[in-house]
Amino acid sequence: MNMIESRDVRDIARGAAILGAGGGGDPHVGRLLAENMIDRYGPVTTVALEDVPDDAFVVPVAIMGAPTVIVEKPPSGDELARALYAVEAVAGRKVTHVACLEAGGLNSMTPIIAAATSGLPLIDGDGMGRAFPELQMVLATLDGIAATPMAMVDEKGNTVALETIDNPWAERLARSATVDMGCSASIALYPMTGPQARRALVPDTLSQALWIGATITRCRDEHRDVARTLAAELGGSVLFTGKVADVVRQTSGGFARGSARLDGIGADSGSRMVLSFQNEHLVADRDGEVVASVPDLICVLDADTGEPVTTEAMRYGFRVVVLALPCHPRWRTAEGLALVGPAYFGYDHPYVPVVPSER
Amino acid sequence: MHIGIDVGGTNTDAVLMDHTHVLEAVKNPTTHDVTSGIIGALDDLAAGRPFDPQDIDAVAIGTTHFTNAVVQARGLASTAVIRLGLPAAAGVPPLTAWPRRLRLALGDHVYLCSGGHEFDGREISPLNEDELRRVAGDLAAKGVSSAAITSIFSPVNAEMELRAAEILRAELPGLRVSLSHEIGRVGLLERENATVINASLLPVAEQITNAFLKALDKAGIDAPLYLSQNDGTLMDVDYVRRYPVATFAAGPTNSMRGAAVLSGLSDCIVVDVGGTTTDVGAVVGGFPRPATTEVDIGGVRTNFRMPDVVSVGIGGGSRVTLGDTPVIGPESVGFRIHQEAMVFGGSTLTATDIAVAGGRVRLGDPSRVAHLNRTEVRRCQQVVAERVAALADSMRTSAEPVPMVLVGGGSVLLPDEMPGFDAVVRPEHFAVANAIGAAIAQVGGEVDKVYSGQDLDREDILAEASAEARQKALLAGATPDSVRIVEIDELPMAYLPGNAVRVRVKAVGDLIFGGSR
């Protein structure tokens, strides 16, 4: 990949919804915005992570807020570029490369929008290799890279610049400001040097999203099994096929927590899977045994079409396939698991790495 | 007594009913001219079972006219698309991702204006009344006759849409206006799209309802006319003229509701076998289970609630190749079955011929299929049953036994026992289930709002939403004591502190009979 054109955006969005592991927000409105911005300003130039020069000043971008709000109040288009300029103003340095913070869901689209509107090149990679609910859940945190100076911008023209003592404080203060901004804010954060970016970003995730999206389309045309194809190619495993028998939701602390119970169909008849989620799917439990958990990606696909199903869209009666994909190896280290492992999300079982299915 | 009519692509079905009892049912080919097709159906009903037009309490019609008008981009009004919410949402202007043909049919009159609210009811920017007067001037100059107004978060606060409509109407008294908060739910683009489609259909709604009324008038029927909408409830003529878009997908809904009533089963899997396809849906609590995916209408994405239906290309007209592994469909002779099927003297082997050869039904001339290999015919019937049963099984929501109800003219293809289902019901009048569904539809009201703030109690929120839904059902013509809440859906808004919650409530009730038009 060395360029993103308007016609690539649809597949990237579709693949990103898989990488969202049930969360990250529906990329649809972001996709329309990204297509409009590329149509208006031209294609986005992409740079492989390994080609980022040492003297680069890399700034990832994202939209923070409630997906329900973003589909009702989409951005005006220039917010992300304004957030980049606000970081430049605080840091006293010109941004050379835009990066993706979160390749899963809506935020796969925001760096494309930022790159198109600012004219800056976009790095093919992202901060976490999936979607996570909190700002500090990026590899950069493991490297001690600060989230700030960080800028938040709304469509009305307000800008908030943050300098915080640590990354959880950035998360906390940013979330409060997001609510005041109307539950949606465009953010630029984790400014990095070239060497920092090369270590703290997950490489090739945008081209991976593009590949996944194109694969879904191709599998459907060729009547091939989407979930099994993705599992085989990405080192993952198909965990379960079943019907959603029950969904329980509650909100606490601003997160949509809940669980979905699946009754097995086909080869999984007689078995039961319980998926626990907090915006994203976190734990998959089969007949009382944990078979996959965060930080690996637990992805739910429509059993017929292979389209990703978000935790918000999960409904009684859906027929779905559960697919587990491996996370970036750095998330599997002790320090990685301390930041985003099962214990952080309140589960007392150990992390169970996904076992790749035999090809 | 009341009458239900389903105007389909191929057939116009009509039923005369006494409450839920079918007195007479007829099937006629659909005519190009709306009025004469309805008159023909009414005449046939009267010929089969004479009735005094004065005894008809209501006529309910299900029609695909509006869907077809959009799909074919025909007869649509030149429509202004006005969005209130600048500076927000400017990156995704109205009509983004619309098919070019439909966009051009509407004239591509797009206006982005100030206004709109945040999720909690604060203003994004104030409404600019002068700006709207300038828009009105532009519309007058261009001769635009319909307008769709969408304000950001109008499901939370509709005042700007209402005020904008007031301003435009003051400047342009003849302007037809659709407001998004009356049409759709949270989700700006999908709600706006539905509102634009609705506004463009307003003149079509006027013509069609006039044609229907004229047909009733000619038949001497002076009863209120209702049209079916996608959620299995009815709307009166005034409502259709304001919200024609609500008629979309009424067909499958009617067939499922009709199947439920005919069989007396409020929870069942409905299998509707037509000429080309078999549609399978689930009825839960007397209503079709809604699909949760976004719905495309003529290539435009909307967030309507449509019934969850899966289809397979097997119908009465499906072409068949016999053998060890028989091939059935998806190619079909469709409405030409009465010429092309072997039992009707044609030369194409169809699924209907197999049903006749296998002794499932007596139709046409059975001797014309008597030569077919018995074993191969049986094998073919078995494959049809297995494929439909597998599809039906995929619609089940639990391992609990659930009965299957077979409707539609093509359901004669299927046996009385289906693998995996312990009860298969083939109700009387199965061939006209959708006209019956139209006839017995209820009226309803729906509320979909975002509630926010720490001080709001969950019980209070649900009570307020339920009261509003009940009120909407009463306004739609429900008898007060029959109104009940059929659906409550709460969706906590993710990634936010506080307890903002989106609540959807639907109320339905029986229609008041004996009213006057």
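Student: How many salt bridges are counted between chain A and chain B?

Tutor: The count is four salt bridges between chain A and chain B. The model is a predicted one.

Student: Why is the meeting of Arg191(B) and Glu72(A) called a salt bridge?

Tutor: The side chains of Arg191(B) and Glu72(A) come to 2.7 Å, N to O. A salt bridge needs a side-chain nitrogen of Lys or Arg within 4 Å of a carboxyl oxygen of Asp or Glu. The pair is an Arg and a Glu and 2.7 Å is within 4 Å, so the name applies.

Student: Which other polar pairs does the rule find across the interface of chain A and chain B?

Tutor: It finds 16 residue pairs in polar contact there, both residues at pLDDT 80 or more. On the chain A side, the elements that give two or more residues are α2 (28-41), α3, α7 (167-180), β11 (237-252) and β12 (255-264). Of these, α2(A) gives the most, with six residues. By class, this side of chain A has 19 nonpolar, 14 polar and 13 charged residues.

Student: What makes residues count towards the contact of chain A and chain B?

Tutor: A residue counts because it has heavy atoms within 4.5 Å of the other chain. On that basis the contact takes 46 residues from chain A and 44 residues from chain B.

Student: What area do chain A and chain B bury between them?

Tutor: They bury about 3,700 Å², with 60% of it on carbon and sulfur atoms. In chain A, the residues that lose the most area to chain B are Thr68(A), Glu72(A) and Arg319(A), together 17% of what that side buries.

Student: Where is chain A divided into domains?

Tutor: Domain 1 of chain A spans 3-205 and domain 2 spans 225-340. Their centres, taken over C-alpha atoms, are 25 Å apart. The contact between them takes 30 residues from domain 1 of chain A and 28 residues from domain 2 of chain A.

Student: What area is buried between domain 1 of chain A and domain 2 of chain A?

Tutor: About 2,200 Å² is buried there, and carbon and sulfur atoms give 65% of it. Ile18(A), Arg130(A) and Leu142(A) supply 29% of the area that domain 1 of chain A buries against domain 2 of chain A, more than any other three residues.

Student: How do you know that Arg14(A) forms a salt bridge with Glu307(A)?

Tutor: The closest N and O atoms of Arg14(A) and Glu307(A) are 3.2 Å apart. The cut-off is 4 Å, and 3.2 Å falls within it, so the pair qualifies. Between domain 1 of chain A and domain 2 of chain A the count is two salt bridges. The rule also finds nine residue pairs in polar contact across this interface, both residues at pLDDT 80 or more.

Student: Which elements give two or more residues to the side of domain 1 of chain A that touches domain 2 of chain A?

Tutor: They are α1 (6-19), α3 (67-72), α6 (139-142), α8 (194-200) and β10 (202-203) of chain A. The largest share, four residues, comes from α1(A). By class, that side has 16 nonpolar, nine polar and five charged residues.

Student: Why is Ala97(B) called exposed?

Tutor: The relative accessible area of Ala97(B) is 52%. Exposed means over 50%, so Ala97(B) is exposed. Ala97(B) is in the loop between β5 and α3 of chain B, and its phi is near 70 degrees, a positive value in a residue other than glycine. Most residues other than glycine have a negative phi.

Student: Why is His429(B) called partly exposed?

Tutor: Its relative accessibility is 26%. Buried means under 20% and exposed over 50%, so His429(B) falls in between. His429(B) has a positive phi of about 60 degrees although it is not a glycine. Its place is in the loop between β20 (424-425) and α12 (433-440) of chain B.

Student: Is Ala90(B) buried or partly exposed, and what makes it so?

Tutor: Ala90(B) has a relative accessible area of 21%. Buried would need a value under 20%, so Ala90(B) is partly exposed. Not counting residues up to four places away in sequence, Ala90(B) touches Pro75(A), Ser76(A) and Leu112(B).

Student: Which peptide bond to Pro87(B) is cis?

Tutor: The bond from Leu86(B) to Pro87(B) is cis, with omega near 10 degrees. Pro87(B) lies in the loop between β5 (79-86) and α3 (100-106) of chain B. In chain A, the bond from Val294(A) to Pro295(A) is cis, with omega near 10 degrees.

Note on methods:
Residues are numbered from 1 along each chain as its sequence is written. Chains are lettered from A and ligands numbered from 1 in the order in which they are written. Side-chain values use heavy atoms; hydrogens and water are left out. Domain bounds come from an automatic or database domain assignment. Buried area is the accessible area (1.4 Å probe) that two parts lose on being put together, summed over both. A polar contact is a pair of N or O atoms within 3.5 Å; within protein, one must be able to donate a hydrogen and the other to accept it, and residues adjacent in sequence count only if both atoms are side-chain atoms. Ala, Val, Leu, Ile, Met, Phe, Trp, Tyr, Cys and Pro count as nonpolar, Asp, Glu, Lys and Arg as charged, and the others, Gly among them, as polar. Buried means under 20% relative accessible area, exposed over 50%, partly exposed in between (1.4 Å probe, protein chains only).
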